[in-house]
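Please look over the chain below before reading on.

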Amino acid sequence: MNTFKHLLIISLSILIIACGPNSGQNKTDFTINTNAVKGDIAINETLKLSLENKKSHPIDSISYTLNGKKINELTDLKDFKLGKHAIEAIVYFSGEKQTTITTITILNDEAPKVYTYKILNEYPHDITSYTQGLEFLNDTLYEGTGQLGESKLRKIDYKTGTVLKSINLANEYFGEGISIINNKVYQLTWQGGTGFVYDVNTFEKLNSFKYGKSKEGWGLCNDKNILYKSDGTENIWLLNPDTLIEEDHIQVYTNKGKIVEINEMEWVNGEIYANRYQKDGVAIINPKNGAVKGVIDFSPLKKLVKQHAGLDVLNGIAYNPLTKTIFVTGKRWDKLFEVEIIEK
């Protein structure tokens with residue numbers, strides 16, 4: 001019995017060591033050095049790489065990749081996306097191979113421009129609507145609203161505020177952003193991990209879909225080919241509207257750092273206009289690389305609507321191709337504003 005206990009203790013000790021904190025780690029004799037300052041580098045700079053060879057191995061070859069794309073020791077970053085990225089070096093030496101990884105954050109090279117606005121018109125808006133998504137189609141406004149037990153999809157005559165068609169979401173769903181492609185309305189839910197697809201004319205539910213790496217649903221817009229989905233982080237996900245698979249993503253950054261809580265979004269002349277949750281401004285985002293090109297200050301608008309206990313933040317932005325103007329509102333606001341954007 002004692003011999004058996006002794007062997008059992010030895011076996012358990014070996015197992016604990018094998019499963020310890022260093023188990024399976026890829027030890028490397030190399031370190032990647034970059035010219036990124038504290039890990040940050042601007043998109044207009046040239047990335048410079050060098051390899052620290054800690055044990056002076058005779059190196060046969062080195063290859064570098066940035067997010068899986070092959071790069072050189074000197075790489076122009078202008079065609080890369082902003083945000084946090086992994087650099088991997090694969091080193092061959094004396095018949096061996098080692099891999100080492102570091103990270104950099106690519107920032108925009110310019111501060112966002114600051115814009116203000118001019119009010120062109122004011123229209124009535126349902127003061128009970130917890131606005132989550134707005135979009136125009138053929139001069140008609142579509143709106144998605146939130147809150148459990150209150151979430152809806154609506155078709156509205158924006159000039160009068162008349163609701164032309166409306167359906168309720170099931171009580172367990174908190175409605176979020178909407179967008180329209182090919183006569184289909186796509187609507188997100190917040191933490192339900194589920195989105196819905198409707199016929200734009202009848203509001204018949206055609207399909208539902210699950211999220212991928214994005215854990216929540218916030219805002220939604222499209223460029224007629226791709227759906228862009230925000231999830232409350234700095235990430236905007238690119239979805240195939242047919243498969244609804246997240247095929248790619250961008251990270252939203254300025255020249256200083258990331259911008260989180262990207263909320264309701266609208267595609268406007270090749271750019272993404274995005275509300276930020278609990279903020280009174282809209283970010284203008286380059287959809288190719290995630291750069292914040294501008295910020296629109298809408299903070300005075302909230303004072304122009306009826307002040308009441310349920311009044312909440314600015315949220316809801318839509319571009320009307322017919323008037324070539326932008327419309328904004330907020331959660332439980334009694335007005336919809338048609339505005340012209342002006343650079344300060």
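A contact means that heavy atoms lie within 4.5 Å. With contacts counted in this way, 53% of those in the chain between residues at least 6 apart in sequence join residues at least 24 apart. This is a predicted model, in which local features need pLDDT of at least 70 and side-chain atom pairs count only at pLDDT 80 or more, while totals for chains, interfaces and linings use all residues. Residues are numbered from 1 along each chain as its sequence is written, and side-chain values use heavy atoms, with hydrogens and water left out.

**Overall form**

- The chain has one helix and 28 strands, where helices (H or I, at least four residues) and strands (E, at least two) are DSSP runs numbered from the N terminus.
- The radius of gyration of the chain is 26 Å, whereas a compact globule of 344 residues would have one near 20 Å; this radius is taken over C-alpha atoms, and the globule rule is 2.2 Å times the number of residues to the power 0.38.
- Along its principal axes, the C-alpha trace spans about 80 × 60 × 40 Å.

**Burial**

- Of the 344 residues of the chain, 47% count as buried, which is defined as under 20% relative accessible area, with exposed being over 50% and partly exposed in between (1.4 Å probe, protein chains only).

**Salt bridges**

- The structure holds six salt bridges, each being a side-chain nitrogen of Lys or Arg within 4 Å of a carboxyl oxygen of Asp or Glu.
- One of them joins the side chains of Asp 29 and Lys 55 at 3.8 Å, N to O. Because Asp 29 lies in the loop between α1 (2-18) and β1 (30-34) and Lys 55 in the loop between β3 (46-53) and β4 (59-66), the pair ties together parts that are 26 residues apart in sequence. Asp 29 is buried at 14% relative accessible area, whereas Lys 55 is exposed at 58%.
- Another links the side chains of Asp 248 and Lys 81 at 2.7 Å, N to O. Asp 248 belongs to strand β21 (residues 246-251) and Lys 81 to the loop between β6 (74-76) and β7 (83-93), so this pair ties together parts that are 167 residues apart in sequence. Asp 248 is partly exposed at 34% relative accessibility, and Lys 81 is partly exposed at 26%.
- The side chains of Lys 293 and Glu 271 also meet in a salt bridge, at 2.6 Å, N to O. Lys 293 is partly exposed, with a relative accessible area of 40%, while Glu 271 is buried at 18%.
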